[in-house]
Amino acid sequence: MNLLEIKNVKKSFGDLHVLKDISMNVAESEVVSILGPSGSGKSTLLRCLSMLEHIDGGRMVYCGKEAVKTENDKPVYANKKELKEIKECFGLVFQNFNLFPHYTLLKNICDAPIHVLKRDRAEVEKEARVLLKKMGLSDKENYYPHQLSGGQQQRAAIARALAMKPRMLFFDEPTSALDPELTAEILKVLKDLAAEKMTMIIVTHEIDFARSVSDRVVFMDGGLIVEQGRPEDVIDNPKNERTKVFLRKLGA
């Protein structure tokens, strides 16, 4: 089953066409890594998928529910109630963590399930502690974000996303704000999630990671999907010249 279907998605900022015509499906339990040079549209695509930006045209379907379609050349989004349900299908982890600075880690993780999903506080806190343990943060539940390393903050951000029980997770350059040692921490967490069959879309510049964890690699350039396929095909044996040039620059 496809958890995500997008067709002919377009997004412009003024005269700048950032996404020109993007179509892709993501199946349940699939891990898709999106690669590409700066300005290729990767992060904008993720912002559109997570509905932080509205698209200018196209269709997006999440977990079988249509979030947006195009009628008479204009995007038409689902109503507020339907969009709320659709947004519960996915979680988003930002590159800069975006934890609430004035909340403890436990409160950061529990806040949305309690107030958005209206779940029982005791039950949510119990699950949050399980997630903190999973992320190696059991002893940090009463710490504030500024008391943690970048790697710990990013692991807390992943726990916060998981607390909403999404069916898929979106990651926007989850290691770009971290040094190499902390990057390895986060990549291990993502590999563990992949082993647990979590559906993930990961915008990343970590070529070795994309090769080892992805079921599929998508290469974007100039607002288009230029090439996609198995990691061993796209990374190790790319067909498109733009993909070859990009990977050569990275020494892949």
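**Exercise 1.** In which hand, left or right, does α3 pass α5? Find also the angle of the crossing and the residues that meet.

*Solution.* The model is a predicted one.
- Step 1. Take helix α3, residues 105-115, and compare its axis with that of α5: the two come within 8 Å and cross at roughly 25°.
- Step 2. Angles under 35 degrees count as roughly parallel, so α3 and α5 are roughly parallel to each other.
- Step 3. The hand of the crossing, where α3 passes α5, is right-handed.
- Step 4. On the α3 side the contact is made by L105, N108 and I109, which meet A156, A159 and R160 in α5.

**Exercise 2.** Describe how α5 packs with α6.

*Solution.* Two packed helices are described by the angle between their axes and the distance between the axes.
- Step 1. Helix α5 covers residues 150-162 and helix α6 covers residues 180-195; their axes come within 8 Å, with a crossing of roughly 20°.
- Step 2. That angle makes α5 roughly parallel to α6.
- Step 3. The crossing of α5 and α6 is right-handed.
- Step 4. From α5, the residues in contact are G150, G151, Q152, Q154, R155, I158 and L162; from α6, they are L182, E185, I186, V189, L190 and L193.

**Exercise 3.** Work out the order of the strands in the open sheet, and name its edge strands.

*Solution.* Strands of a sheet pair through backbone hydrogen bonds, either parallel or antiparallel.
- Step 1. Five strands form the open sheet, in the order β2-β1-β4-β5-β6, and the pairing is antiparallel.
- Step 2. The edges are β2 (16-27) and β6 (74-77), each of which pairs on one side only.
- Step 3. From one strand to the next, the twist averages 15°.

**Exercise 4.** How many bridges join β5 to β6, and which helix lies across these strands?

*Solution.*
- Step 1. Strand β5 spans residues 65-71 and is joined to β6 by four bridges, the two strands running antiparallel.
- Step 2. For K69, the bridge partner in β6 is V76.
- Step 3. The helix is α2, residues 80-87, which lies across β4 (57-62), β5 and β6 and runs at about 125° to β5.

**Exercise 5.** Are C63 and C89 buried or exposed, and how many disulfides are counted?

*Solution.*
- Step 1. The cut-off for buried is under 20% relative accessible area.
- Step 2. C63 has a relative accessible area of 12%, so C63 is buried.
- Step 3. C89 has 7% relative accessibility and therefore also counts as buried.
- Step 4. A disulfide needs a pair of cysteine sulfur atoms within 2.5 Å, and by this rule the count is zero.

Notes. Residues are numbered from 1 along each chain as its sequence is written. This is a predicted model: local features need pLDDT of at least 70, side-chain atom pairs count only at pLDDT 80 or more; totals for chains, interfaces and linings use all residues. Side-chain values use heavy atoms; hydrogens and water are left out. Two strands pair if DSSP finds at least two bridges between them. Axes are lines fitted to C-alpha atoms, for helices over the stretch in contact, and angles run from 0 to 180 degrees between N-to-C directions. Contact means heavy atoms within 4.5 Å. Buried means under 20% relative accessible area, exposed over 50%, partly exposed in between (1.4 Å probe, protein chains only). Angles under 35 degrees count as roughly parallel, over 145 as roughly antiparallel, 65 to 115 as roughly perpendicular and the rest as oblique. A crossing is left-handed if the near helix is turned anticlockwise from the far one by less than a right angle, and right-handed if clockwise.
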